[in-house]
Amino acid sequence: QVQLVESGGGLVQAGGSLRLSCADSGRTFKNFAMGWFRQAPGKEREFVAVVGRSGMSTSYVDSVKGRFTISRDNAKNTVYLQMNSLKPEDTAVYYCAAGRYGTSQWSYDYWGQGTQVTVSS
């Protein structure tokens with residue numbers, strides 16, 4: 001059973017940083033690629049970043065390249081999203097997901113409940 005719980009969201013000023021965490025309480029974490037998605041009010045959910053099962057492969061949406069870093073610790077069953085140089089347009093609910101490596105939400109079978117990130121200008 002995969003159960004994903006995100007944490008680390010909050011309110012930050014533009015230019016600041018946050019680190020999101022997503023922990024899986026199950027025993028199969030290492031078998032899944034892990035992705036981060038976000039959904040802003042009135043907008044569709046969009047892909048942010050993905051990391052492969054070993055942590056060696058990563059991919060990012062263009063708008064966060066150079067600012068966000070995805071990583072995972074399979075010993076801790078946790079995936080991270082380090083977010084630097086935050087912008088107001090990064091404001092959204094951020095979701096982690098487990099599934100197959102990809103940028104489409106349809107590649108993922110399991111989702112967390114989401115954590116709010118708000119960036120003030």
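Student: Which strand does S21 lie in?

Tutor: Keep in mind that this is a predicted model. S21 belongs to strand β3, which covers residues 18–24.

Student: Is S21 buried or exposed?

Tutor: Buried means under 20% relative accessible area. S21 has 16% relative accessibility, so S21 counts as buried.

Student: Which residues does S21 touch, leaving aside those up to four places away in sequence?

Tutor: The list is V5, E6 and S7, then W36, and then T78, V79 and Y80.

Student: What is the order of the strands in the open sheet?

Tutor: The order is β1-β3-β8-β7, an open sheet of 4 strands with antiparallel pairing. At the edges are β1 (4–7) and β7 (68–73), each of which pairs on one side only. From one strand to the next, the twist averages 15°.

Student: How many bridges join β1 and β3?

Tutor: β1 and β3 pair in the antiparallel sense over 4 bridges. In this pairing, L4 stands opposite D24 of β3.

Student: How many helices and strands are there in the chain?

Tutor: The chain has 0 helices and 11 strands.

Student: Why does the radius of gyration agree with a compact globule?

Tutor: For 121 residues, a compact globule would have a value near 14 Å; the chain has 13 Å, so the two agree. The C-alpha trace spans about 40 × 25 × 25 Å along its principal axes.

Student: What percentage of the residues in the chain is buried?

Tutor: Buried residues account for 45% of the 121.

Notes: Residues are numbered from 1 along each chain as its sequence is written. This is a predicted model: local features need pLDDT of at least 70, side-chain atom pairs count only at pLDDT 80 or more; totals for chains, interfaces and linings use all residues. Side-chain values use heavy atoms; hydrogens and water are left out. Helices (H or I, at least four residues) and strands (E, at least two) are DSSP runs, numbered from the N terminus. Buried means under 20% relative accessible area, exposed over 50%, partly exposed in between (1.4 Å probe, protein chains only). Contact means heavy atoms within 4.5 Å. Two strands pair if DSSP finds at least two bridges between them. Axes are lines fitted to C-alpha atoms, for helices over the stretch in contact, and angles run from 0 to 180 degrees between N-to-C directions. The radius of gyration is taken over C-alpha atoms; the globule rule is 2.2 Å times the number of residues to the power 0.38.
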